[in-house]
Amino acid sequence: MQPSLPSHHPLLGPDTAILAAQQQSASASFFHNQRTNTAHQDANSNAVLAPASGAMPFTVAPPQAHAPFDAGALAFDAAITNAPPGAPNKHTTYPYVTGTSVLAIKYKDGIMMAADTLGAYGATKRYKSISRIVPAAPTTLVGAGGEISDFQYISKLLTELNDNDVIRDDGVVLKPREVFAYLQRVMYNRRNKFDPLWNSLVVGGVDQATGEAFLGTCSMIGVSYTDSHVATGFGNHLARPLFRNEQRDDMTEQEARALLEKALRVCYYRDKNSINKFVIGTVTKESGMKVSEPFSLSTEWGYDAFVHPTKHALGSW
Amino acid sequence: MFRNAYDTDVTTWSPTGRLHQVEYAMEAVKQGSAAVGLRSKTHVVLAALKRAPSELASFQQKIHELDAHCGVALSGLTADGRVLCRYMRGECLNHRFVYESPLAVSRLVSRVADRSQVCTHRSYKRPYGVGMLVAGVDATGPRLFQTDPSGNAYEYVAQAMGARSQAARTYLERTFETYADATVDALCQHALFALKESAQDNELTTKNCSLGIAGMGDDGRFKLLDGEALKPYLDKLAADDGGAQPMDT
Amino acid sequence: MSTWSPYDMNGGTCVAVAGADYCIVAADTRLSTGFSILTREHTKVVTLSDACVLASAGFEGDRKQLHKVLGMRQQVFAHNHGGKPMSCPAMAQMLSNTLYFKRFFPYYTFNLLGGLDKSGKGAVYTYDAIGSYERTGYACQGSGQALIMPVLDNQLKSASPLLYPPVSSATPLTEAQAVDLVKDCFATAGERDIYTGDAVEIVVINRNGVRRETMPLKLD
């Protein structure tokens with residue numbers, strides 16, 4: 001039996017159906033899609049049926065980046081895998097392996113984007129070399145915070161899109177703002193199905209024809225905007241105030257790099273779900289697109305209060 | 001053309017390796033009123049002759065806008081053309097919706113070509129009886145393509161199709177080398193002159209022809225000129241006519 | 001445990017004023033979520049045709065989709081009608097239908113549609129999220145509505161819709177006066193409403209076409 005792809009438009013790619021999305025939501029049938037995969041049922045017919053979760057598909061966990069390990073989650077998984085025929089479909093309700101902030105700024109030659117390489121399982125530093133900044137088109141980088149597996153699925157969509165351009169070899173390539181527009185529709189259409197891709201995305205790049213730099217961001221429910229500097233997650237609180245003060249569109253590469261490192265350092269000090277292993281990606285009109293090798297920043301933990309935390313708290317141990 | 005044993009449906013080969021039904025569809029294109037297209041480095045222009053079924057009737061529409069950046073001229077079964085036109089508009093619109101940018105003309109053309117090809121490959125289908133000159137401007141510059149019922153699509157600097165289009169083509173072949181650096185107005189004059197070669201009685205009026213223009217710069221919009229808007233172009237054509245070289249067709 | 005929501009409230013205020021031969025549609029450019037400002041220059045206003053401008057506050061994801069869907073339908077209408085754009089009253093009805101179609105999973109947007117009607121008179125249409133709408137002489141929607149609406153009522157009080165014979169609801173102000181009033185309204189709302197600020201984008205529609213101007217507001 002064919003797996004059913006979600007609204008795969010034959011020409012525009014997956015998750016882009018426009019009218020179809022409305023038709024589906026009009027029928028409201030997505031709450032009670034019958035399971036038709038009999039092979040799937042057979043494979044699970046001997047399994048012990050866990051009690052079906054009483055929660056509706058949209059009564060779900062909070063969108064927090066630091067989901068604690070939750071034994072309930074396993075029961076929830078069992079409820080999905082062992083759901084009896086005719087049970088409502090279940091969707092992503094909270095992230096498992098997550099990436100934290102992505103930071104990006106415009107500068108004189110183009111854009112610069114930074115993130116750490118951690119994939120955290122709740123509070124566990126589970127994967128330490130995950131690339132969360134990937135090339136999406138000849139002059140476009142996409143960075144992501146949130147669920148890593150969802151981002152890897154998004155990367156696959158983008159790779160397919162770009163491969164199509166490469167295969168045709170007709171001089172038509174995706175521009176940053178096209179990638180951005182596409183991703184907005186993907187994110188928004190998935191939220192319409194109550195099956196979100198649990199990510200905050202950053203799209204940055206340079207239009208090859210005009211040399212114009214582009215920077216935009218999109219959340220998992222489709223809230224999107226463009227600006228001279230963007231940051232996802234904690235970065236919005238920790239890094240953007242720095243950007244507001246110091247970022248200029250005409251700053252040099254050295255200045256831009258110094259600003260990003262300063263912001264990364266602040267994020268690393270304050271965000272417990274981050275590690276001191278970063279990558280920086282740049283897109284410029286002259287030298288194209290680069291994502292650096294992972295590097296560390298110097299840090300200072302020798303402050304008196306860190307070394308002697310109880311020094312001024314007399315009577316404590 | 002006349003009937004033979006191998007033309008009862010599209011999927012039957014003749015022993016000489018031809019698909020007669022598809023070739024008949026191509027004949028329909030040749031019988032449609034003529035259309036001309038040509039391009040420079042910055043602009044692409046379409047011109048087409050319009051027919052009216054009788055003195056009392058209105059003229060058919062021959063050039064259609066597909067999207068802000070491109071348009072199409074049709075020859076053959078106008079009704080089939082309208083269907084393909086609606087399909088192409090849909091493709092342009094969907095692309096704009098998802099990517100917020102115009103669909104590249106070459107991509108648009110290959111999609112209609114693929115659609116036409118399917119009709120040559122199924123016993124229960126009929127090939128579209130229409131040829132199209134698709135003109136537009138995208139990130140790669142001004143582009144001009146011709147499609148036909150067989151599912152082929154070719155790119156041109158200048159091309160004419162439809163009834164008596166050989167006369168127009170002869171003119172285009174003679175002058176195409178000057179098009180690259182020509183102004184929009186010069187392109188329009190070339191297009192109308194070529195079209196005139198194919199017109200009945202060699203006469204163009206504001207009623208029986210139309211112009212489509214797409215260009216880089218200005219606002220980049222595809223412009224459709226009909227009726228009175230054509231008057232300055234036709235006046236200029238008449239004025240220049242005295243000096244133009246006589247064509248042997 | 002809180003619940004995932006398909007909605008967010010990104011704030012924003014829209015004001016529209018209709019005059020005898022003009023219409024003004026304005027909205028601020030701040031995009032917020034909770035206590036954070038996401039960006040300070042984000043347009044909420046879309047020009048759908050020469051005679052039709054739409055401004056929407058609320059959830060940015062829905063706003064974007066709604067504006068794109070309407071733009072696309074307007075394009076289809078133009079294709080089917082020989083290039084003629086949709087009239088403002090027709091667009092008003094279509095917006096209502098579009099919102100009502102999603103009656104049970106609504107677009108969380110607060111919409112104002114402004115333009116010129118067939119006689120060239122200013123027209124303002126005000127909506128709720130599920131498609132109820134009304135033509136008025138002026139209107140305000142979004143996070144600053146409660147602050148601005150009383151000012152508009154006080155300054156522009158138009159004739160009662162109950163009067164017979166009907167009296168035009170268009171404001172008696174000149175275009176320039178009305179633009180000034182709109183600017184004052186936004187400056188005022190920006191003082192108290194944290195979701196209104198940064199800049200106000202003012203779109204004026206008259207027989208000469210559509211004109212856009214921007215006035216800075218406080219950034220706090």
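Q: How are the axes and angles defined for the crossing of helix α2 of chain B with helix α1 of chain C, and at roughly what angle do the two cross?
A: Axes are lines fitted to C-alpha atoms, for helices over the stretch in contact, and angles run from 0 to 180 degrees between N-to-C directions. In this predicted model, the helices concerned are α2 (residues 78-99) of chain B and α1 (residues 60-80) of chain C. Their axes come within 11 Å and cross at roughly 160°.

Q: Are α2(B) and α1(C) roughly parallel or roughly antiparallel to each other?
A: The crossing of the two helices is right-handed. Angles over 145 degrees count as roughly antiparallel, and the axes here cross at roughly 160°. The relation of α2(B) to α1(C) is therefore roughly antiparallel.

Q: Which residues of α2(B) and α1(C) make the contact, and how do they divide by class?
A: From α2(B) come B:R89, B:L93, B:N94 and B:F97. From α1(C) come C:Q65, C:K68, C:V69, C:M72, C:Q75, C:V76 and C:H79. By class, the contact has 5 nonpolar, 4 polar and 2 charged residues.

Q: Which residue of chain C forms a salt bridge with B:E100?
A: Chain B and chain C bury about 800 Å² between them, with 59% of it on carbon and sulfur atoms. Across this interface there are 2 salt bridges. In one of them the closest N and O atoms are 3.4 Å apart, and B:E100 is paired with C:K64.

Q: What area is buried between chain C and chain A, and which residues of chain C lose the most area to chain A?
A: The contact joins 29 residues of chain C to 29 residues of chain A. The buried area is about 2,600 Å², and carbon and sulfur atoms give 56% of it. Together giving 28% of what the chain C side buries, the residues that lose the most area are C:W4, C:L38 and C:F105.

Q: Which side chains meet in the salt bridge between chain C and chain A?
A: The count between these chains is 1 salt bridge. Its N to O distance is 3.0 Å, and the side chains are those of A:R191 and C:D62.

Q: What is the class division of the residues in the contact of α3(C) with α4(C)?
A: The axes of α3 (residues 145-156) and α4 (residues 175-192) of chain C come within 9 Å and cross at roughly 150°. That makes α3(C) roughly antiparallel to α4(C). C:L147, C:I148, C:V151, C:L152, C:Q155 and C:L156 in α3(C) meet C:L181, C:C185, C:F186, C:A189 and C:R192 in α4(C). The division is 9 nonpolar, 1 polar and 1 charged.

Technical notes:
Residues are numbered from 1 along each chain as its sequence is written. Chains are lettered from A and ligands numbered from 1 in the order in which they are written. This is a predicted model: local features need pLDDT of at least 70, side-chain atom pairs count only at pLDDT 80 or more; totals for chains, interfaces and linings use all residues. Side-chain values use heavy atoms; hydrogens and water are left out. Helices (H or I, at least four residues) and strands (E, at least two) are DSSP runs, numbered from the N terminus. Angles under 35 degrees count as roughly parallel, over 145 as roughly antiparallel, 65 to 115 as roughly perpendicular and the rest as oblique. Contact means heavy atoms within 4.5 Å. Ala, Val, Leu, Ile, Met, Phe, Trp, Tyr, Cys and Pro count as nonpolar, Asp, Glu, Lys and Arg as charged, and the others, Gly among them, as polar. Buried area is the accessible area (1.4 Å probe) that two parts lose on being put together, summed over both. A salt bridge is a side-chain nitrogen of Lys or Arg within 4 Å of a carboxyl oxygen of Asp or Glu. A crossing is left-handed if the near helix is turned anticlockwise from the far one by less than a right angle, and right-handed if clockwise.
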